[in-house]
Amino acid sequence: MPRATKIEPIALRIPFSDHSSGTGIMPRRWTHFDMMLVRIETDDGLVGWGESFSYFCSTTVLAALKDMVIPLVVGQEVEDIPAFSQDLQLKLHLPGRYGITIFALSGIDIALWDIAAKRKGVSLARHLGGRHRDSVPAYASLVRYGDVKLVSEFAARAVSEGFADVKLHEILPETIEAGRRAVGPNVRLTTDVNCQWPLELAEKMLPEMKRLNLFWVEEPIFPPDHAKMLQALNRFGVPLSTGENATTSVPFEDTVHAVTYPQPSVTKVGGVTEFLKVCNLAQAAGRTPMPHSPYFGPGYWATLQLAAHRPEVGLFEFYYVKPDAYVSESIPLPKGGKIAIPDAPGIGFEPDAAVLAKYRVA
């Protein structure tokens, strides 16, 4: 069995524009994508690409990869990826099984699956057992504007480009209502609260969200995975979603029963291995996974492959911003509200060397 002989984390910092103030969603003003690519090379010449979530934590994720994870992977023969990933979690549970550790492991896991599919000369979806669709419907995931005029402008623009689903990141009734007016009654509209409503406010806001016919309300409370509170909020009749910040499939064992739309993020949850576990939980519970994917590197491509393989996946999240550059020139972008899914070997991702050189962080 080939061995992983070289593992290289590649930190990138790519500016993006969204016409907003850049405040409200992240801890500080957000104007750049901090990306952590993971490149694994094997002794038989194959190269796999993964991605570890690193927004506002890039230095820490890089340290986790270098200090904790990569030394456990270099030189190893990996035949059973789920077993190997589980063993890594076990070995690293003392320094921290969740959070940053799993972000780092996610990049490794994605790259290993990329290699495994490339070794067979097939796409990841086919390697996992079948490609069930050639495209996936996408929704335009807008940033938080906090401004009625901007919400109206960009929500309407997304609809004009063919999106049948639009997600806001608004928390105020007036900006959410502006979004509904802008998209009209026939477009499915959601909002991601990012945990900004105290429970008492959530109880006041959800009837309004029902009136506005929201498709779902995302992470309405903190903590976002408090299954009992989420279950109680279902009484308002508004579909709820959560899971983008959950690491490993374990938290989903409870929340999958409390929300309509579980939202695993392949770069956060533990890679392909844990994402598939969440899909299994969702399928058993009769829920529809709505993956979290506001990134444009290997995590984007891996999510597309998982959507091709798992027909229960509902929509693909397309972050409605304009990066200064895409890491891969061949990135499949939405057309008419749908994204064509590549069928190249592995996840289909190959980076642009010039982009890596220009935006790499020393």
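Strand 4 (135–141), strand 5 (165–168) and helix 7 (173–183) are among what covers the buried residues of helix 6. Contact here means heavy atoms within 4.5 Å. Helices (H or I, at least four residues) and strands (E, at least two) are DSSP runs, numbered from the N terminus.

This is a predicted model: local features need pLDDT of at least 70, side-chain atom pairs count only at pLDDT 80 or more, and totals for chains, interfaces and linings use all residues. Residues are numbered from 1 along each chain as its sequence is written, and side-chain values use heavy atoms, with hydrogens and water left out.

The buried residues of helix 6 are V151, F154, A155 and A158. They cover an arc of only 100 degrees around the axis, so they lie on the same side of helix 6. The arc is that of the directions from the helix axis to the C-beta atoms. On the other side, K149 and S160 are exposed. Buried means under 20% relative accessible area, exposed over 50%, partly exposed in between (1.4 Å probe, protein chains only). Just after helix 6, G162 takes a positive phi of about 105 degrees.

Now the sheet. It is open, with 4 strands in the order 3-2-1-11 and antiparallel pairing. Two strands pair if DSSP finds at least two bridges between them. F16 stands opposite P323 in strand 11.

| Helix | Touches | Angle |
|---|---|---|
| Helix 1 (residues 58–73) | strand 1, strand 2 (32–42), strand 3 | about 165 degrees with strand 1 |
| Helix 4 (residues 100–120) | strand 1, strand 2, strand 3 | about 155 degrees with strand 3 |

Notes. Axes are lines fitted to C-alpha atoms, for helices over the stretch in contact, and angles run from 0 to 180 degrees between N-to-C directions.
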